[in-house]
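Dear colleague,

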Amino acid sequence: MPGTPDTTPGRAAVPATAPAPARRVSAEPQGPVLIEGPVEIVLDDGTLVRSDRFMVAVCTCRRSRAYPWCDTSHRRRERAAAPPEDRNPS
């Protein structure tokens, strides 16, 4: 019967609702929140999205085109400075 602890002789009693395993979450400075997957996220409009990946990057800046998943849009898009030209002809 569901919800009843197992009382078989020789077996330890198991609670009806065992706690879920803990997930590891890492907050990256200036970046996404990394969560060990799989992950389900409920969006503002009630939509449920799921990722079965082993590590999920969740966007915190809302600039991602794949929101709620991070696509690194938060990074500044700057070009490296051009190397200085040699103005001294040989």
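Val49 is in contact (heavy atoms within 4.5 Å) with Val39, Glu40, Ile41, Leu43, Pro68 and Trp69, leaving aside residues up to four places away in sequence. Please bear in mind that this is a predicted model, in which local features need pLDDT of at least 70 and side-chain atom pairs count only at pLDDT 80 or more, while totals for chains, interfaces and linings use all residues. Residues are numbered from 1 along each chain as its sequence is written, and side-chain values use heavy atoms, with hydrogens and water left out.

Val49 also belongs to the largest nonpolar core, whose six residues are Ile35, Val39, Ile41, Val49, Val56 and Val58; such a core is a set of buried Ala, Val, Leu, Ile, Met, Phe, Trp, Tyr and Cys residues joined through side-chain atoms within 4.5 Å, where buried means under 20% relative accessible area with a 1.4 Å probe, protein chains only. Strand 3 (39-42) and strand 5 (55-58) each supply at least two residues of this core, strands being DSSP runs of E with at least two residues, numbered from the N terminus.

Strand 5 has Val56 and Val58 on its covered face, and Met55 and Ala57 on the uncovered one. Three strands form an open antiparallel sheet in the order 1-2-5, pairing being assigned where DSSP finds at least two bridges. Strand 1 (25-27) and strand 5 are at the edges with a single partner strand each, so one side of each lacks a neighbour in the sheet. Strand 2 (residues 33-36) pairs with strand 5 over four bridges, and Val33 has Val58 as its bridge partner in strand 5.

Best regards

Definitions and conventions: Buried means under 20% relative accessible area, exposed over 50%, partly exposed in between (1.4 Å probe, protein chains only).
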